[in-house]
Amino acid sequence: MLDSTPAPLAIEVRGLKKTFPVRTRGAVPKPTPADPGQDGASASPPGQPPTPPPKQSRRGAFVEAVSGIDLDVPHGQVFAFLGPNGAGKTTTLRILTTLLPATSGTAKVAGFDVTTQQRQVRRNIGYVGQLGGTDLDHATGRENLVLAARLYGLRKRDALTRAAELLEGFDLTALADQETSTYSGGQRRRLDVALGMVGQPSVLFLDEPSTGLDPQNRMNLWDQVRRLRAAGTTVFLTTHYLDEADALADNVAIMDHGQIIARGTPAELKARTGSTTLDDVFLTLTGRVLRDTESQEVRS
Amino acid sequence: MITKESSIVTEAFLLTQRRAKELLREPQWIFSGMATPILYLVLFAPLLTNIPSALFGGLSVVQMFVPGMLVLFAFGSGQGIGWTVIHELDTGVIERFRVTPVRRVSLLLGSVIRDGLFFIVCALIVCLIAIPFGFVIHPSGLALTLLLLAVLTGTVSATSAAIGLALKNIGALAASIMSMQLPLTLLAGALLPISMGPTWLRVLAHFNPFYYAVEAARDLASGHILTVNVGLGFLVVFAVFALALTWASRVFQKAVA
């Protein structure tokens, strides 16, 4: 590329850290320097490394959910954030979406600081949480979308148009005026994503979007994500389905114990670890082998 | 990106409308809520008929009893929203709104206004039902009573929503609401005037904002508008409302759901 101006970043994270206080009963176990697991005799199975014990500070015990990570996501990419449960993916995502304050470090989304420019960040992002967020109490799909659109400042007529567009785009037109409590899991998920798109965000965050979906609905969701990417939306998704990352993502970061332990395109990661699938990459990287050595990074 | 901006009035209106729809689509809550004051009127008020009316400041039993019952009803009308808030935490609805530019205080106002409005409508029906039992309606006095108690409903509503959001747990919410309800309403003289009680009880009641609401409502419902009780009632209820709203919007602002 001869382009001299660097492309603006959709997401820019520097030294992001998040700690949570932990309530403990009794004495906090001290980390033992001679971990018997290192001999391999009683080592945890790959993919299920031992959880580090809480650290101590003057203000009590705490865990570091995110330990000073850096991230760059260019505009228009699909970026997949991988990692086992408890790796810190959701915490990172919640900081990026202004739901959670960071302990230290900075994060910019769509050019705005998530701490000092929350309102601007919120105007530019869409978010679909693990819980969904569809109003299930006697509201219809259309009502959900129209209300959301009006809260973004659209007038009633424009909100109705926007809702109709989204219903059409997510194949929900036939169900538009049914109460959402009658929707199936896949239909509800589509409405969740549609709700995240109401404000025409430039960056869309999806937290484990395909969890609990059947294969057909997963494919359907993937198509939606591809269509969003084609329309220029940056999509940041967390997942522990590696085929999902393989199929969708331009770039991948693997997170474990609050740190990014590898990043690159799916192809680069596979080449580096000599694996044929991302599953192998994942197991190699999150298993104990790499953890005990220096963590390395693949840069594009 | 949509560059338009919704005003706080629009947001509050839209979210009140959403809450109102929610309630109208589950009308059993309205009926069960209204049942409480009506049951008191029918099954409890008759027990008081042999008490000399001098003890009620010369008011008839029903005229004394209805305003107090409306205060109970105000508490009942506002308390439920905490449960809804916890439900919406669990389904991710609150989280979804928190990631949009919608003002945090608008989310709160939607419930507060809805609860206040429904209180007015239902309380008016209760008053009409009380007419055959001997309740005399003084229009301007009643209008002010309903206004005052709607604000009290809003106070309870804001408090319940904030407690729900802060505790995130239905059991803990129930425990804290229940532990407030009886002392606050008993010590307000909602069922029988506090003036009938011993000195210590009367003194203690002055620390309870609901006491001022009950006293003001009794004066107003009998058509006495320009009294010290009414002035104090409005002062205290509006002050407590402002406090509750400020505190609750801070909880909504900071909530890490």
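**Cavities, salt bridges and surface**

Student: Which residues line the second largest cavity?
Tutor: This is a predicted model, and the second largest cavity in it holds about 90 Å³ of space. Its lining is supplied with at least two residues each by α1, α4, α5 and α6 of chain B, and by class the lining has six nonpolar, two polar and three charged residues. The residues that line this cavity are Leu15(B), Arg18(B), Arg19(B), Val85(B), Glu88(B), Ile94(B), Phe97(B), Leu107(B), Gly110(B), Ser111(B) and Phe252(B).

Student: Which element gives the largest share of the lining of the largest cavity?
Tutor: The search of the whole structure finds three cavities of 30 Å³ or more, and the largest cavity has about 110 Å³ of space. Both chains contribute to the lining, with Tyr127(A), Leu151(A), Arg96(B) and Phe97(B) among the residues found there. At least two lining residues each come from β7 (125-128), α3 (141-151) and α5 (185-197) of chain A and from α5 (93-98) of chain B. The largest share, three residues, is that of β7(A).

Student: How many residues does α2(B) give to the lining of the second largest pocket?
Tutor: The second largest pocket has about 1,000 Å³ of space, and of the 33 residues that line this pocket, the closest to its centre are Trp29(B), Gly76(B), Ser77(B), Gln79(B) and Gly80(B). By class, the lining has 17 nonpolar, eleven polar and five charged residues. The largest share of the lining comes from α2(B), and the number of residues in that share is seven.

Student: Why does the salt bridge between Lys21(B) and Glu143(A) join two chains?
Tutor: The side chains of Lys21(B) and Glu143(A) meet at 3.5 Å, N to O, which is within the 4 Å limit for a salt bridge. Lys21(B) is partly exposed with a relative accessible area of 34%, and Glu143(A) counts as partly exposed at 22%. The pair joins two chains because Lys21(B) lies in helix α1 of chain B, whereas Glu143(A) lies in helix α3 of chain A.

Student: How many residues apart are Asp250(A) and Arg229(A)?
Tutor: The side chains of Asp250(A) and Arg229(A) meet in a salt bridge at 2.8 Å, N to O. This pair links distant parts of the chain, with Asp250(A) in the loop between α7 (242-248) and β10 (251-256) of chain A and Arg229(A) in helix α6 (residues 215-230) of chain A, and the number of residues by which they are apart is 21.

Student: What is the area of the nonpolar surface patch that includes Leu39(B)?
Tutor: Leu39(B) has its place in helix α2 of chain B and counts as partly exposed at 47% relative accessibility. Leu39(B) makes the patch together with Val42(B), Leu43(B), Val121(B), Ile125(B), Ile129(B) and Phe133(B), and the patch area is about 590 Å².

Key: Residues numbered from 1 in each chain as written. Chains lettered and ligands numbered in written order. Predicted model: local features only at pLDDT ≥ 70, side-chain atom pairs only at ≥ 80, totals over all residues. Heavy atoms only, no water. 1 Å grid on protein atoms, 1.4 Å probe; cavity = no way out; pocket = protein on both sides within 12 Å on 5 of 7 lines; lining within 4 Å. Points joined across faces, edges and corners; volume = space filled by probe spheres on them. Helix = DSSP H or I, 4+ residues; strand = E, 2+ residues; numbered from the N terminus. Nonpolar A, V, L, I, M, F, W, Y, C, P; charged D, E, K, R; others polar. Patch = residues over 30% accessible without salt bridge, like charges linked within 9 Å, V, L, I, M, F, W, Y side chains within 5 Å. Areas by Shrake-Rupley, 256 points an atom, 1.4 Å probe, with all protein chains shown as cover. Buried < 20%, exposed > 50% of the residue type's maximum accessible area, 1.4 Å probe, protein only.
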